[in-house]
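Take a look at the model before reading on.

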Amino acid sequence: RVVVSRSFADFTPQATFDIKKCDLHQLEEGPPLKAELTRDQGLQYYRTMQTVRRMELKADQLYKQKIIRGFCHLYDGQEACAAGIEASINPTDHLITAYRAHGYTYTRGVSIKEILAELTGRKGGVAKGKGGSMHMYAPHFYGGNGIVGAQVPLGAGIALACQYQGNNQLCVTLYGDGAANQGQLFESFNMAALWKLPCIFICENNKYGMGTSVERASASIDYYKRGDFIPGIRVDGMDVLCVREATKFAADHCRSGKGPIVMELQTYRYHGHSMSDPGVSYRTREEIQEVRTKSDPISMLKERMLSNNMASVEEFKEIDVDIRKQVEEPPLEDLCNHIFYNNPPLEVRGTNPWSKLKSVS
(Lines give C-alpha, C1' and ligand atoms only; values in the text may rest on other atoms or scores of the structure.)
Protein backbone atom coordinates (compact mmCIF):
# COMPACT_ATOMS: atom_id res chain seq x y z
CA ARG A 1 0.00 0.00 0.00
CA VAL A 2 1.27 3.47 -0.92
CA VAL A 3 0.97 5.95 1.95
CA VAL A 4 0.22 9.57 1.08
CA SER A 5 2.33 11.52 3.52
CA ARG A 6 1.21 15.06 2.69
CA SER A 7 -1.93 16.41 4.32
CA PHE A 8 -4.91 17.68 2.30
CA ALA A 9 -4.18 21.21 3.52
CA ASP A 10 -1.01 21.22 1.40
CA PHE A 11 -2.97 20.97 -1.84
CA THR A 12 -4.67 23.67 -3.93
CA PRO A 13 -8.42 23.08 -3.43
CA GLN A 14 -9.51 24.71 -6.71
CA ALA A 15 -7.98 26.06 -9.92
CA THR A 16 -9.11 27.67 -13.17
CA PHE A 17 -7.85 26.38 -16.52
CA ASP A 18 -7.93 27.75 -20.05
CA ILE A 19 -9.77 25.42 -22.42
CA LYS A 20 -9.92 25.27 -26.19
CA LYS A 21 -12.49 27.45 -27.94
CA CYS A 22 -15.35 25.54 -29.55
CA ASP A 23 -16.33 26.04 -33.19
CA LEU A 24 -19.92 27.28 -33.41
CA HIS A 25 -22.78 26.82 -35.87
CA GLN A 26 -25.98 28.93 -35.73
CA LEU A 27 -24.91 30.30 -32.33
CA GLU A 28 -23.76 33.78 -31.35
CA GLU A 29 -21.87 32.61 -28.29
CA GLY A 30 -20.68 29.27 -27.04
CA PRO A 31 -19.26 27.57 -23.94
CA PRO A 32 -16.79 29.50 -21.73
CA LEU A 33 -13.05 29.57 -22.46
CA LYS A 34 -12.14 28.86 -18.84
CA ALA A 35 -13.14 25.96 -16.60
CA GLU A 36 -13.00 25.73 -12.82
CA LEU A 37 -11.89 22.44 -11.30
CA THR A 38 -11.94 21.47 -7.65
CA ARG A 39 -9.50 18.93 -6.28
CA ASP A 40 -12.32 16.48 -5.50
CA GLN A 41 -13.75 16.80 -9.00
CA GLY A 42 -10.34 16.25 -10.57
CA LEU A 43 -9.69 13.08 -8.56
CA GLN A 44 -13.18 11.80 -9.39
CA TYR A 45 -12.74 12.40 -13.14
CA TYR A 46 -9.32 10.74 -12.99
CA ARG A 47 -10.74 7.70 -11.20
CA THR A 48 -13.62 7.39 -13.68
CA MET A 49 -11.41 7.63 -16.77
CA GLN A 50 -8.71 5.35 -15.38
CA THR A 51 -11.32 2.74 -14.39
CA VAL A 52 -12.76 2.71 -17.92
CA ARG A 53 -9.23 2.47 -19.37
CA ARG A 54 -8.24 -0.43 -17.09
CA MET A 55 -11.56 -2.21 -17.68
CA GLU A 56 -11.13 -2.00 -21.47
CA LEU A 57 -7.57 -3.31 -21.29
CA LYS A 58 -8.85 -6.24 -19.24
CA ALA A 59 -11.58 -6.85 -21.84
CA ASP A 60 -8.87 -6.88 -24.54
CA GLN A 61 -6.95 -9.51 -22.55
CA LEU A 62 -10.05 -11.66 -21.93
CA TYR A 63 -10.99 -11.50 -25.60
CA LYS A 64 -7.54 -12.69 -26.67
CA GLN A 65 -7.89 -15.55 -24.17
CA LYS A 66 -11.23 -16.40 -25.86
CA ILE A 67 -13.11 -15.83 -22.60
CA ILE A 68 -15.04 -12.98 -24.25
CA ARG A 69 -16.52 -13.97 -27.61
CA GLY A 70 -18.41 -12.24 -30.40
CA PHE A 71 -18.54 -8.49 -30.97
CA CYS A 72 -16.45 -6.31 -28.67
CA HIS A 73 -15.79 -2.60 -29.34
CA LEU A 74 -13.39 -0.95 -26.89
CA TYR A 75 -13.53 2.65 -25.65
CA ASP A 76 -9.95 3.34 -24.54
CA GLY A 77 -8.79 6.76 -25.73
CA GLN A 78 -12.29 8.25 -25.62
CA GLU A 79 -12.74 8.30 -21.82
CA ALA A 80 -12.94 12.11 -21.57
CA CYS A 81 -16.21 12.03 -23.55
CA ALA A 82 -18.04 9.74 -21.11
CA ALA A 83 -16.57 11.35 -17.98
CA GLY A 84 -17.20 14.93 -19.20
CA ILE A 85 -20.78 14.26 -20.28
CA GLU A 86 -21.68 12.50 -17.04
CA ALA A 87 -20.19 15.37 -15.00
CA SER A 88 -22.53 17.88 -16.64
CA ILE A 89 -25.91 16.12 -16.69
CA ASN A 90 -28.10 14.75 -13.91
CA PRO A 91 -28.40 11.04 -12.99
CA THR A 92 -32.11 11.37 -13.88
CA ASP A 93 -31.30 12.57 -17.42
CA HIS A 94 -31.26 9.93 -20.14
CA LEU A 95 -28.49 8.56 -22.34
CA ILE A 96 -28.41 6.23 -25.33
CA THR A 97 -25.39 5.25 -27.40
CA ALA A 98 -24.15 2.88 -30.10
CA TYR A 99 -22.22 -0.38 -29.67
CA ARG A 100 -19.07 1.15 -28.10
CA ALA A 101 -20.94 1.23 -24.83
CA HIS A 102 -18.75 -0.11 -21.98
CA GLY A 103 -17.63 3.35 -20.78
CA TYR A 104 -21.14 4.78 -20.62
CA THR A 105 -22.45 1.64 -18.91
CA TYR A 106 -19.92 2.30 -16.14
CA THR A 107 -20.56 6.07 -15.85
CA ARG A 108 -24.31 5.41 -15.69
CA GLY A 109 -23.78 3.38 -12.51
CA VAL A 110 -23.17 -0.26 -13.46
CA SER A 111 -20.34 -1.93 -11.54
CA ILE A 112 -17.11 -3.23 -13.12
CA LYS A 113 -18.05 -6.76 -12.04
CA GLU A 114 -21.46 -6.63 -13.74
CA ILE A 115 -19.93 -5.28 -16.97
CA LEU A 116 -17.14 -7.88 -17.18
CA ALA A 117 -19.59 -10.65 -16.22
CA GLU A 118 -21.85 -9.52 -19.05
CA LEU A 119 -18.97 -9.49 -21.52
CA THR A 120 -18.10 -13.07 -20.56
CA GLY A 121 -21.72 -14.25 -20.83
CA ARG A 122 -22.32 -14.91 -17.14
CA LYS A 123 -25.63 -14.64 -15.30
CA GLY A 124 -24.12 -12.09 -12.90
CA GLY A 125 -23.88 -9.68 -15.83
CA VAL A 126 -25.99 -6.55 -16.05
CA ALA A 127 -28.21 -8.21 -18.71
CA LYS A 128 -27.90 -11.71 -17.19
CA GLY A 129 -25.20 -12.60 -19.70
CA LYS A 130 -27.68 -12.45 -22.60
CA GLY A 131 -26.80 -9.04 -24.02
CA GLY A 132 -23.03 -9.05 -24.24
CA SER A 133 -20.84 -6.13 -25.23
CA MET A 134 -23.40 -4.18 -27.25
CA HIS A 135 -26.53 -4.61 -25.13
CA MET A 136 -26.08 -3.38 -21.57
CA TYR A 137 -28.67 -1.26 -19.78
CA ALA A 138 -29.24 0.65 -16.54
CA PRO A 139 -31.83 3.08 -15.16
CA HIS A 140 -31.95 6.04 -17.59
CA PHE A 141 -29.44 4.26 -19.87
CA TYR A 142 -30.86 2.61 -22.98
CA GLY A 143 -27.80 0.78 -24.32
CA GLY A 144 -25.75 -0.29 -26.28
CA ASN A 145 -27.35 -0.62 -29.79
CA GLY A 146 -25.88 -2.86 -32.47
CA ILE A 147 -27.45 -1.34 -35.61
CA VAL A 148 -25.50 1.64 -36.96
CA GLY A 149 -27.41 4.85 -36.24
CA ALA A 150 -30.54 3.08 -34.94
CA GLN A 151 -30.22 4.62 -31.48
CA VAL A 152 -30.65 8.18 -32.81
CA PRO A 153 -34.43 8.02 -33.52
CA LEU A 154 -34.83 6.21 -30.19
CA GLY A 155 -33.01 9.07 -28.45
CA ALA A 156 -35.34 11.57 -30.09
CA GLY A 157 -38.26 9.48 -28.81
CA ILE A 158 -36.86 9.51 -25.27
CA ALA A 159 -36.54 13.32 -25.53
CA LEU A 160 -40.17 13.46 -26.70
CA ALA A 161 -41.16 11.52 -23.56
CA CYS A 162 -39.24 14.04 -21.41
CA GLN A 163 -41.07 16.91 -23.08
CA TYR A 164 -44.45 15.16 -22.80
CA GLN A 165 -43.95 14.47 -19.09
CA GLY A 166 -42.68 18.02 -18.44
CA ASN A 167 -39.97 16.76 -16.06
CA ASN A 168 -37.16 19.12 -17.21
CA GLN A 169 -35.06 16.10 -18.19
CA LEU A 170 -33.17 15.65 -21.46
CA CYS A 171 -31.71 12.86 -23.55
CA VAL A 172 -28.08 12.62 -24.66
CA THR A 173 -28.08 10.73 -27.96
CA LEU A 174 -24.65 9.53 -29.07
CA TYR A 175 -23.47 8.22 -32.44
CA GLY A 176 -20.16 7.95 -34.30
CA ASP A 177 -18.77 9.60 -37.41
CA GLY A 178 -19.50 6.34 -39.26
CA ALA A 179 -23.22 6.69 -38.50
CA ALA A 180 -23.33 10.40 -39.33
CA ASN A 181 -24.37 9.78 -42.96
CA GLN A 182 -27.36 7.61 -42.02
CA GLY A 183 -30.71 8.87 -43.29
CA GLN A 184 -32.44 8.18 -39.99
CA LEU A 185 -30.23 10.82 -38.32
CA PHE A 186 -31.65 13.56 -40.51
CA GLU A 187 -35.21 12.40 -40.03
CA SER A 188 -34.61 12.56 -36.27
CA PHE A 189 -33.01 16.01 -36.55
CA ASN A 190 -36.04 17.26 -38.46
CA MET A 191 -38.61 16.01 -35.95
CA ALA A 192 -36.52 17.16 -32.98
CA ALA A 193 -36.25 20.67 -34.45
CA LEU A 194 -39.96 20.87 -35.36
CA TRP A 195 -41.04 19.80 -31.87
CA LYS A 196 -38.18 21.53 -30.02
CA LEU A 197 -37.22 18.31 -28.24
CA PRO A 198 -34.72 18.46 -25.32
CA CYS A 199 -32.15 16.30 -27.10
CA ILE A 200 -28.36 16.69 -27.28
CA PHE A 201 -27.21 14.87 -30.41
CA ILE A 202 -23.53 14.02 -29.93
CA CYS A 203 -21.24 12.76 -32.70
CA GLU A 204 -18.18 11.08 -31.18
CA ASN A 205 -15.82 11.65 -34.10
CA ASN A 206 -12.90 9.27 -33.54
CA LYS A 207 -11.61 9.91 -37.10
CA TYR A 208 -12.39 6.43 -38.49
CA GLY A 209 -15.67 4.67 -39.25
CA MET A 210 -14.52 1.05 -39.05
CA GLY A 211 -11.43 1.21 -41.30
CA THR A 212 -12.44 4.26 -43.34
CA SER A 213 -11.15 7.73 -42.49
CA VAL A 214 -13.73 10.51 -42.21
CA GLU A 215 -12.22 12.29 -45.24
CA ARG A 216 -12.91 9.24 -47.43
CA ALA A 217 -16.41 8.64 -46.06
CA SER A 218 -17.97 12.11 -45.78
CA ALA A 219 -18.21 14.96 -48.30
CA SER A 220 -18.38 17.29 -45.28
CA ILE A 221 -16.52 16.43 -42.09
CA ASP A 222 -18.01 19.36 -40.17
CA TYR A 223 -20.34 17.06 -38.28
CA TYR A 224 -21.42 19.81 -35.89
CA LYS A 225 -23.00 21.64 -38.88
CA ARG A 226 -24.93 18.61 -40.07
CA GLY A 227 -28.06 19.67 -38.20
CA ASP A 228 -28.31 22.58 -40.68
CA PHE A 229 -31.20 24.39 -38.92
CA ILE A 230 -30.09 23.02 -35.51
CA PRO A 231 -27.30 24.89 -33.63
CA GLY A 232 -24.02 23.01 -33.28
CA ILE A 233 -20.65 23.09 -31.49
CA ARG A 234 -17.38 21.29 -32.18
CA VAL A 235 -15.46 20.36 -29.04
CA ASP A 236 -12.05 18.99 -28.07
CA GLY A 237 -13.18 15.53 -27.00
CA MET A 238 -9.80 14.63 -25.48
CA ASP A 239 -10.14 17.25 -22.72
CA VAL A 240 -12.59 16.27 -19.98
CA LEU A 241 -13.03 19.92 -18.91
CA CYS A 242 -13.79 21.01 -22.48
CA VAL A 243 -16.41 18.25 -22.80
CA ARG A 244 -17.90 19.11 -19.41
CA GLU A 245 -18.31 22.82 -20.16
CA ALA A 246 -19.68 22.21 -23.66
CA THR A 247 -22.21 19.65 -22.40
CA LYS A 248 -23.33 22.03 -19.63
CA PHE A 249 -23.87 24.69 -22.30
CA ALA A 250 -25.83 22.23 -24.47
CA ALA A 251 -27.92 21.03 -21.51
CA ASP A 252 -28.85 24.62 -20.57
CA HIS A 253 -29.83 25.22 -24.22
CA CYS A 254 -32.17 22.20 -24.18
CA ARG A 255 -33.68 22.84 -20.76
CA SER A 256 -34.50 26.46 -21.65
CA GLY A 257 -36.91 25.26 -24.35
CA LYS A 258 -34.76 26.18 -27.36
CA GLY A 259 -34.90 22.67 -28.76
CA PRO A 260 -32.12 20.28 -29.79
CA ILE A 261 -28.41 20.96 -30.29
CA VAL A 262 -25.69 19.00 -32.12
CA MET A 263 -22.26 18.45 -30.57
CA GLU A 264 -19.21 17.00 -32.28
CA LEU A 265 -16.57 15.60 -29.93
CA GLN A 266 -13.22 15.24 -31.68
CA THR A 267 -11.70 12.17 -30.07
CA TYR A 268 -9.62 9.08 -30.90
CA ARG A 269 -9.78 5.35 -30.24
CA TYR A 270 -6.56 3.50 -29.46
CA HIS A 271 -7.85 0.03 -30.37
CA GLY A 272 -9.22 -0.97 -33.74
CA HIS A 273 -12.90 -0.58 -34.59
CA SER A 274 -13.60 -3.88 -32.84
CA MET A 275 -11.46 -6.70 -31.50
CA SER A 276 -11.42 -8.29 -34.97
CA ASP A 277 -9.69 -5.18 -36.35
CA PRO A 278 -5.96 -4.80 -35.56
CA GLY A 279 -6.38 -1.06 -36.24
CA VAL A 280 -3.08 -0.52 -38.06
CA SER A 281 -3.93 -1.40 -41.68
CA TYR A 282 -5.50 2.02 -42.36
CA ARG A 283 -3.43 4.15 -39.94
CA THR A 284 0.14 3.96 -38.71
CA ARG A 285 1.37 2.90 -35.29
CA GLU A 286 3.18 6.26 -35.18
CA GLU A 287 -0.13 8.12 -35.54
CA ILE A 288 -1.63 6.21 -32.60
CA GLN A 289 1.49 6.75 -30.49
CA GLU A 290 1.51 10.49 -31.25
CA VAL A 291 -2.06 10.86 -29.96
CA ARG A 292 -1.17 8.84 -26.84
CA THR A 293 1.85 11.06 -26.21
CA LYS A 294 0.32 14.48 -26.95
CA SER A 295 -3.42 14.23 -26.31
CA ASP A 296 -4.18 11.39 -23.91
CA PRO A 297 -7.19 12.51 -21.80
CA ILE A 298 -6.00 10.85 -18.57
CA SER A 299 -2.43 12.17 -18.82
CA MET A 300 -3.73 15.66 -19.64
CA LEU A 301 -5.87 15.83 -16.49
CA LYS A 302 -3.12 14.33 -14.33
CA GLU A 303 -0.53 16.86 -15.56
CA ARG A 304 -2.90 19.77 -14.96
CA MET A 305 -3.49 18.70 -11.39
CA LEU A 306 0.16 17.98 -10.63
CA SER A 307 1.40 21.26 -12.12
CA ASN A 308 -1.14 23.21 -10.02
CA ASN A 309 -0.36 21.31 -6.80
CA MET A 310 -3.87 19.82 -6.66
CA ALA A 311 -2.67 16.25 -5.97
CA SER A 312 0.51 14.22 -5.54
CA VAL A 313 2.07 11.52 -7.70
CA GLU A 314 1.65 9.09 -4.79
CA GLU A 315 -2.07 9.81 -4.65
CA PHE A 316 -2.54 8.98 -8.33
CA LYS A 317 -0.52 5.79 -7.85
CA GLU A 318 -2.76 4.79 -4.97
CA ILE A 319 -5.87 5.30 -7.12
CA ASP A 320 -4.27 3.24 -9.92
CA VAL A 321 -3.48 0.37 -7.51
CA ASP A 322 -7.04 0.43 -6.15
CA ILE A 323 -8.57 0.36 -9.65
CA ARG A 324 -6.29 -2.47 -10.75
CA LYS A 325 -7.42 -4.52 -7.74
CA GLN A 326 -11.09 -3.89 -8.54
CA VAL A 327 -10.68 -4.95 -12.16
CA GLU A 328 -8.25 -7.84 -11.66
CA GLU A 329 -9.39 -9.58 -8.48
CA PRO A 330 -12.78 -11.03 -7.48
CA PRO A 331 -13.93 -10.13 -3.96
CA LEU A 332 -12.62 -12.57 -1.34
CA GLU A 333 -16.10 -13.86 -0.48
CA ASP A 334 -16.60 -14.88 -4.15
CA LEU A 335 -13.28 -16.68 -4.49
CA CYS A 336 -14.50 -20.20 -3.66
CA ASN A 337 -17.96 -19.97 -5.25
CA HIS A 338 -18.89 -22.05 -8.32
CA ILE A 339 -15.90 -24.43 -7.96
CA PHE A 340 -16.65 -28.18 -7.85
CA TYR A 341 -14.12 -30.91 -7.05
CA ASN A 342 -16.17 -33.67 -8.59
CA ASN A 343 -19.75 -34.51 -9.65
CA PRO A 344 -21.10 -30.95 -9.96
CA PRO A 345 -24.67 -30.65 -8.61
CA LEU A 346 -25.85 -29.06 -11.85
CA GLU A 347 -25.14 -29.39 -15.55
CA VAL A 348 -22.23 -27.09 -16.47
CA ARG A 349 -22.43 -26.03 -20.10
CA GLY A 350 -19.35 -26.71 -22.21
CA THR A 351 -17.60 -29.16 -19.87
CA ASN A 352 -18.67 -32.22 -21.88
CA PRO A 353 -18.02 -31.87 -25.63
CA TRP A 354 -20.65 -34.54 -26.39
CA SER A 355 -23.51 -33.04 -24.40
CA LYS A 356 -26.38 -31.48 -26.29
CA LEU A 357 -27.60 -28.05 -25.20
CA LYS A 358 -31.24 -27.80 -24.24
CA SER A 359 -33.35 -24.66 -24.70
CA VAL A 360 -36.03 -24.11 -22.11
CA SER A 361 -38.49 -21.32 -22.85
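How many salt bridges does a search of the whole structure find? The search finds 16, a salt bridge being a side-chain nitrogen of Lys or Arg within 4 Å of a carboxyl oxygen of Asp or Glu. The model is predicted: local features need pLDDT of at least 70, side-chain atom pairs count only at pLDDT 80 or more, and totals for chains, interfaces and linings use all residues. Residues are numbered from 1 along each chain as its sequence is written, and side-chain values use heavy atoms, with hydrogens and water left out.

**Salt bridges**

- Asp296 and Arg53 form a salt bridge, with the closest N and O atoms 2.9 Å apart. The pair links distant parts of the chain, 243 residues apart: Arg53 sits in helix α1, Asp296 in the loop between α9 (285-295) and α10 (297-307). Helices here are DSSP runs of H or I with at least four residues, strands are runs of E with at least two, and both are numbered from the N terminus.
- Both Asp296 and Arg53 are buried. Buried means under 20% relative accessible area, exposed over 50%, and partly exposed in between (1.4 Å probe, protein chains only).
- Glu86 and Arg108 meet at 2.8 Å, N to O. Glu86 is in helix α2 and Arg108 in the loop between α3 and α4 (112-119). Both are buried.
- Asp23, Asp222, Lys225 and Arg234 are linked in a salt-bridge network.

**Aromatic contacts**

- The count comes to five aromatic pairs. Rings of Phe, Tyr and Trp (its six-membered ring) pair if their centres lie within 6.5 Å; planes under 30 degrees apart count as stacked, over 60 as edge-to-face and the rest as tilted.
- Tyr46 and Phe316 make a tilted pair, 4.5 Å centre to centre with 55° between the planes. The two lie 270 residues apart, Tyr46 in helix α1 (residues 39-64) and Phe316 in helix α11 (residues 313-328).
- Tyr46 is buried because its relative accessible area is 1%. Phe316 counts as buried at 0%.
- Ring pairs also join Phe186, Phe189 and Phe201 into a cluster.

**Second largest pocket**

- The second largest pocket has a volume of about 280 Å³. A pocket is an open set of points on a 1 Å grid over the protein atoms alone, where a 1.4 Å probe fits, with protein on both sides within 12 Å along at least five of seven lines; lining residues have an atom within 4 Å of a point.
- The lining has 20 residues, with Tyr99, Arg100, Gly176, Asp177 and Gly178 nearest the centre.
- Strands β5 (171-176) and β7 (208-209) each supply at least two lining residues.

How values were computed. Points joined across faces, edges and corners; volume = space filled by probe spheres on them.
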